Amino acid sequence: MPPEARYDFRAVTEDDLPLLAAWLAEPHLAEWWDDPETEIAAIREAMDSIETEPLIVELDGRPIAYLQSYDPHLEDDHPYQDQPFGTLGIDISIGPPDLVGKGHGSAIVRQYAELLLEEGAPRVIIDPHPENLRAIRAYEKAGFRAFERRDTIYGPALMMALDAEG
């Protein structure tokens, strides 16, 4: 992947849901996500929410990943409300198996996190499962640093953050 690759982010639409369901059934995602039907229902719900923004990541017009950003302070009883006000969380999954391990995950996370920081977020967090070493390495490569391990309503999480400079 060329270092100058730039990704486009667009809102998930109903037309994207079959593709997302197919991605979620792939072994590299099924290991970390719930069953596709449950996850698609959650994504559909997020499409109408104010606290979560579900996005499709495209490279040269090709959908290659699912990304969501969320504000833990807008969700009742979210386990990350202890983070500084304005902190935004993100989750990402590369869809096509042939694109896993090519550097897209860290590049996408870095580009999107920089966008959120430029828009005024003081901190961006991500919470991979502590056993998801591939994801942890990708996030470290993107500049995120681990600061705590937690057991949350979403399961075990390694809390990682990228803070605004200054």
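**Cavity and pocket**

I began with the largest cavity, which is lined by Leu-20, Trp-23, Leu-24, Leu-29, Trp-33, Ile-43, Tyr-66, Ser-93 and Gly-95. I kept in mind that the model is predicted. By class, this cavity lining has seven nonpolar residues, two polar and no charged. Helix α1 gives the largest share of the lining, three residues. I noted a volume of about 40 Å³ for the largest cavity. I also looked up how many cavities of 30 Å³ or more the structure holds, and the count is one.

Next I turned to the largest pocket, which has about 1400 Å³ of space. I found 48 residues lining this pocket, and Trp-33, Gln-68, Asp-91, Ile-92 and Asp-127 are the closest to its centre. Elements that give two or more residues to the pocket lining are α2 (27-30), α3, β3 (62-70), β4 (88-94), α4 (104-118), α5 (133-141) and β7 (155-163). I recorded 21 nonpolar, 15 polar and twelve charged residues in the lining of the largest pocket.

**Helices α1 and α3**

How do α1 and α3 pack, and at what angle? I read an angle of about 140° between α1 (residues 17-25) and α3 (residues 36-47), with the axes 9 Å apart. The two helices are therefore oblique to each other. Their crossing is right-handed.

I then listed the contact residues. From α1 come Leu-17, Leu-20, Ala-21, Leu-24 and Ala-25, and these meet Pro-36, Glu-39, Ile-40, Ile-43, Arg-44 and Met-47 of α3. I sorted this contact into nine nonpolar, no polar and two charged residues.

Note on methods:
Residues are numbered from 1 along each chain as its sequence is written. This is a predicted model: local features need pLDDT of at least 70, side-chain atom pairs count only at pLDDT 80 or more; totals for chains, interfaces and linings use all residues. Side-chain values use heavy atoms; hydrogens and water are left out. Axes are lines fitted to C-alpha atoms, for helices over the stretch in contact, and angles run from 0 to 180 degrees between N-to-C directions. Helices (H or I, at least four residues) and strands (E, at least two) are DSSP runs, numbered from the N terminus. Angles under 35 degrees count as roughly parallel, over 145 as roughly antiparallel, 65 to 115 as roughly perpendicular and the rest as oblique. A crossing is left-handed if the near helix is turned anticlockwise from the far one by less than a right angle, and right-handed if clockwise. Contact means heavy atoms within 4.5 Å. Ala, Val, Leu, Ile, Met, Phe, Trp, Tyr, Cys and Pro count as nonpolar, Asp, Glu, Lys and Arg as charged, and the others, Gly among them, as polar. On a 1 Å grid over the protein atoms alone, a cavity is a set of points where a 1.4 Å probe fits but cannot get out, and a pocket is an open set with protein on both sides within 12 Å along at least five of seven lines; lining residues have an atom within 4 Å of a point. Grid points are joined across faces, edges and corners, and a volume is the space filled by probe spheres set on the points.
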